[in-house]
Amino acid sequence: MSEKPRFLKEFEVWEKKRKIAELFREALEAENRNEYGIAKKKLDEIMELSKDEFPEIYFEACFKLAEVFFEEENYRGSIKCALRAICNVPNKDLYLVGIKRIRDMLFILKEQGNLSVFKENMEPIYRLLKDNEELQAFVKGLISIAEGRKDITKYLNSIRTPELKEALELLLKPHQRFSL
C-alpha cells in the first residue's frame, strides 16, 4: 500500500498552500521594512514550492520578486524574473497579463533613461528563454533598443503576439510630456 490515501494528499496540498500564504505575508512584511534580502529569500521559497503544482502562484511570486529587484534598481534582475514568470505561465491570459506588466516596467525605465542597462550581461536572460523563440526575439529587440538601434524589424517579425510587439515599439517612441 504505497499509495497515500486521498485525504492525506489533500491535506498535504492544503498545508503547502498555507505555507505559501505565510511566506507571501512574510515577504511583503520584509519588503515594507526595506529588508529586500529577506523578501527575496521568502519569494524564492514560494517559487520553489509552487513551480510545478501551482503555476499561477509561481507567476505572482516571480512578478513580486521582479518588483523587489526593481525597487533595488536591479533592472536586469527585475526583467529576468518577469520573463521567467511569462515562460512558465499556464495559460494565454496570464501570458498577456505578464507582457503588460513587463511593458509597464520597461516604459518606466525608458522614461527614467535607464534602458541602457540592457546593453550588457543579458546572456543569462537569453539562456532562460532557450525554448521560447518569441521571447528570445523580444530580448534581442530590447538589447538593440538599449544599444541605440531603431530598426528592430527583424525581431518584430519573429514575434507573433501583438502585445509583445507593442511593448517593444513603445520603447522606440520619443518621450512625450503631458500637460494639464
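Buried, in this talk, means under 20% relative accessible area, exposed means over 50%, and partly exposed is in between, with a 1.4 Å probe and protein chains only. By that rule Thr161 is buried, because its relative accessible area is 4%.

Before going on, some ground rules. This is a predicted model, in which local features need pLDDT of at least 70 and side-chain atom pairs count only at pLDDT 80 or more, while totals for chains, interfaces and linings use all residues. Residues are numbered from 1 along each chain as its sequence is written, and side-chain values use heavy atoms, with hydrogens and water left out.

Back to Thr161. Thr161 sits in the loop between α8 and α9. Helices here are DSSP runs (H or I, at least four residues; strands are E, at least two), numbered from the N terminus. What does Thr161 touch, not counting residues up to four places away in sequence? The contacts, meaning heavy atoms within 4.5 Å, are with Lys92, Tyr95, Leu96, Ile99 and Glu134.

Now α9, which covers residues 162-172. Leu164, Ala167, Leu168 and Leu171 are its buried residues. They lie on the same side of α9, because they cover an arc of only 90° around the axis, the arc being that of the directions from the helix axis to the C-beta atoms. Among the elements covering the buried residues of α9 are α5 (92-112), α7 (133-146) and α8 (153-156).

Next, the core. A nonpolar core is a set of buried Ala, Val, Leu, Ile, Met, Phe, Trp, Tyr and Cys residues joined through side-chain atoms within 4.5 Å. The largest one here has 56 residues, and those with the most contacts inside it are Leu83, Leu106, Phe118, Phe138 and Leu168. Two or more residues each come from α1 (6-32), α2 (36-50), α3, α4 (75-87), α5, α7, α8 and α9. Which helix gives the most to this core? That is α3, with ten residues.

Leaving out residues up to four places away in sequence, Phe138 touches Leu83, Ile102, Leu106, Ile159, Leu164, Ala167 and Leu168.

On to α3 itself. Helix α3 runs over residues 55-71, which is 17 residues, and reaches 24 Å from its first C-alpha to its last. That is close to the 24 Å expected at 1.5 Å a residue, where the expected span is 1.5 Å times one less than the number of residues. Its buried residues include Tyr58, Phe59, Cys62, Phe63 and Phe69.

Glu60 is also in α3. Is Glu60 buried or partly exposed? Glu60 is partly exposed, because its relative accessible area is 33%. Apart from residues up to four places away in sequence, Glu60 touches Phe24 and Arg101. Its side chain makes a polar contact with the side chain of Arg101, at 3.2 Å. A polar contact is a pair of N or O atoms within 3.5 Å; within protein, one must be able to donate a hydrogen and the other to accept it, and residues adjacent in sequence count only if both atoms are side-chain atoms. Glu60 and Thr161, where we started, are 101 residues apart in sequence and 21 Å apart in space, C-alpha to C-alpha.

Then the cysteines. A disulfide is taken as a pair of cysteine sulfur atoms within 2.5 Å. How many disulfides does that rule give? The count is zero. For Cys62, the nearest cysteine sulfur is that of Cys81, 6.4 Å away. Cys62 counts as buried because its relative accessibility is 0%, and Cys81 counts as buried because its value is 4%.

Two loop residues deserve a mention. Asn34, in the loop between α1 and α2, has a positive phi, near 60°, and is a residue other than glycine. Asn34 is exposed, because its relative accessible area is 52%. Glu73 follows α3 and lies in the loop between α3 and α4. Its phi is positive too, near 65°, and Glu73 counts as exposed because its relative accessibility is 58%.

Last, Ala146, in α7. Ala146 counts as buried because its relative accessibility is 9%. Setting aside neighbours within four places in sequence, Ala146 is in contact with Leu115, Ser116, Phe118 and Lys119. Its C-alpha is 7.3 Å from that of Val117, which is 29 residues away along the chain.
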